[in-house]
Amino acid sequence: MVTRKVLVFVTVMIMLELFVKGGESKTNPEDIEGLRELKNRLDPKSVIPGSCLSSWDFSVDPCDRIHSDHFSCGFDCSDFLVSGFKRVTQIIFDPAGYTGSLTNSSWNFPYLEILDVSRNYLSGSIPDSISALTRLRRLGFSGNSFTGELPASLGSLSNLEELYLDNNRLQGAIPESFNGLTSLKRLELQGNKISGEFPELSALKNLTFLDASDNGISGKFPTNFPPSVMTISMRNNYIQGNLPDNILNLEFLQVMDLSHNLLSGPVISALFTHPSLQQLTLSHNKFTYLQVPRDLGTQSELIALDLSNNEIEGLLPAFMALMPRLSALSVENNKFTGMIPSQYAIKTVVPEEGSSPFVRLLLGGNYLFGPIPGPLMALKPGTAIVSLVNNCLFRGPTSFFFCQGGIQKSLLACSSNGPVIP
């Protein structure tokens, strides 16, 4: 008998084999024994009077006169592995701050499709024995305190569609066996201590969402993502080197966040000609220049672009103001120089028909000089978020809201980066 206080709230749905005899439904005998075993393991003091569990005296069939093909009940227990349940399809822990660990005992749940223990305080390692749950479609371990390495055995769960391992304390490399998760659609690994290079995942032909942010992943940006992927988030890692041109092969990609890494070289033109990419965040890297697309961005699908806090040099290119759908642009804290192209002001104040206006235009922290484009001078506060602070705009009056909140660079700082027109 379990003697410690109840720790975990579990919702279990047990698939029953029903047959009709005299108008009554009957519970499979193996399931009755499983329910009886569960109740016998609990401390009687932990069973709430009047609860579903307290009513299980087994003097009558638990499913008699219940016109349903599922048995569903909430109950308290402190022993997670109840091998008597032969037809359990779902096990879900309520996210209510429970503690404990998962044992590495044999998991005798051959019909289990969903196992979700997210957002609790469960600790210890993830048991290898979970690989025996071959029918799993969703595995949720988010927001706990699991430690140790990612079990390579998880790669054998070929029916798994969703895998949530985020916000734990897992470490080590991502196993190459994860390439065996051929049904996987969503993979969340963010908020751990995962290290090493990202593995080959080209076999995951159904993968649409990947988040491996806030880890210690190193090496180059993977070149073998499956074409199905729509969202890639790998911010706050140690990924380095250039971005590959074959990003165009990810024909369904819509969102990519690679901020806070060590990426360098050019911001490749493929990103500005991608057929579906809408949100791109490359801030806080070491990019040094932009590649200008042949079509000057006129076919771009980008809506939001963040290139801030890099080392990008050269004249501020006009092509980014020609992207028809782009409405949020940040190139703050780079080394852009030259005058602000008039196209930026026109897109902000009086955009061409069919083109989205800039509602967010952040150009501060560069070496831009010369007069402020005329249309911007008529811009009223509240119509758009615009910032031109910390540049070399010596004739930029601070009375304009987009010049407030910071001073311009000194003449010495400006002249050290090239010619300045005061």
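Strand S24 (residues 335-338) and strand S26 pair in the parallel sense over two bridges, where helices (H or I, at least four residues) and strands (E, at least two) are DSSP runs numbered from the N terminus, and two strands count as paired if DSSP finds at least two bridges between them. Within this pairing, Thr337 stands opposite Tyr367 in S26. The two strands belong to an open sheet of three strands in the order S22-S24-S26, with parallel pairing. Its edge strands are S22 and S26 (367-368), each of which pairs on one side only. Strands of a sheet pair through backbone hydrogen bonds, either parallel or antiparallel.

The model is predicted: local features need pLDDT of at least 70, side-chain atom pairs count only at pLDDT 80 or more, and totals for chains, interfaces and linings use all residues. Residues are numbered from 1 along each chain as its sequence is written, and side-chain values use heavy atoms, with hydrogens and water left out.

The chain contains five helices and 27 strands. Of its 422 residues, 48% are buried; buried means under 20% relative accessible area, exposed over 50%, and partly exposed in between (1.4 Å probe, protein chains only). The accessible surface comes to about 18,900 Å², and 51% of this belongs to carbon and sulfur atoms. Among contacts (heavy atoms within 4.5 Å) between residues at least 6 apart in sequence, 54% join residues at least 24 apart.

Parallel pairing also occurs between S4 and S6, which are joined by three bridges. Ser101 stands opposite Ser123 in S6. S6 pairs in the parallel sense with strand S8 (residues 145-146) as well, over two bridges, and here Ser123 stands opposite Ser145 in S8.

A search of the whole structure finds five salt bridges, a salt bridge being a side-chain nitrogen of Lys or Arg within 4 Å of a carboxyl oxygen of Asp or Glu. One of them joins the side chains of Glu113 and Arg137, at 3.1 Å from N to O. Glu113 lies in the loop between strand S4 (99-101) and strand S5 (114-116), and Arg137 in the loop between strand S6 (121-124) and strand S7 (138-140), so this pair ties together parts that are 24 residues apart in sequence. Glu113 is partly exposed, at 28% relative accessible area, and Arg137 is partly exposed at 33%.

Another salt bridge is formed by Asp257 and Arg235, whose closest N and O atoms are 3.6 Å apart. Asp257 is in strand S17 (residues 255-257) and Arg235 in the loop between strand S15 (231-233) and strand S16 (238-241); the pair therefore ties together parts 22 residues apart in sequence. Asp257 counts as buried, with 15% relative accessibility, whereas Arg235 is partly exposed at 30%.

Arg325 and Glu301 also meet in a salt bridge through their side chains (2.6 Å, N to O). Arg325 lies in the loop between strand S22 (313-315) and strand S23 (328-330) and Glu301 in the loop between strand S20 (286-290) and strand S21 (304-306), so parts 24 residues apart in sequence are tied together by the pair. Arg325 has a relative accessible area of 32% and is partly exposed; Glu301 is partly exposed at 25%.

The loop between S22 and S23 also holds Leu322, which is partly exposed with a relative accessible area of 35%. Leu322, Val292 and Leu296 make a nonpolar surface patch of about 240 Å². Patches are made of residues with over 30% relative accessible area and no salt bridge, like charges being joined within 9 Å and nonpolar side chains (Val, Leu, Ile, Met, Phe, Trp, Tyr) within 5 Å.

In helix H3 (residues 342-349), Tyr344, Ala345, Lys347 and Thr348 are buried. They cover an arc of only 165 degrees around the axis, which puts them on the same side of H3; the arc is that of the directions from the helix axis to the C-beta atoms. The cover over the buried residues of H3 includes S23, strand S25 (360-362), helix H4 (374-377) and strand S27 (385-387).

Ile247, in the loop between S16 and S17, is buried with a relative accessible area of 1%. Not counting residues up to four places away in sequence, Ile247 touches Phe221, Leu253, Met256, Ile268, Leu271 and His274. Ile247 and Thr223 are 24 residues apart in sequence, and their C-alpha atoms are 7.7 Å apart in space.

Terms used. Areas by Shrake-Rupley, 256 points an atom, 1.4 Å probe, with all protein chains shown as cover.
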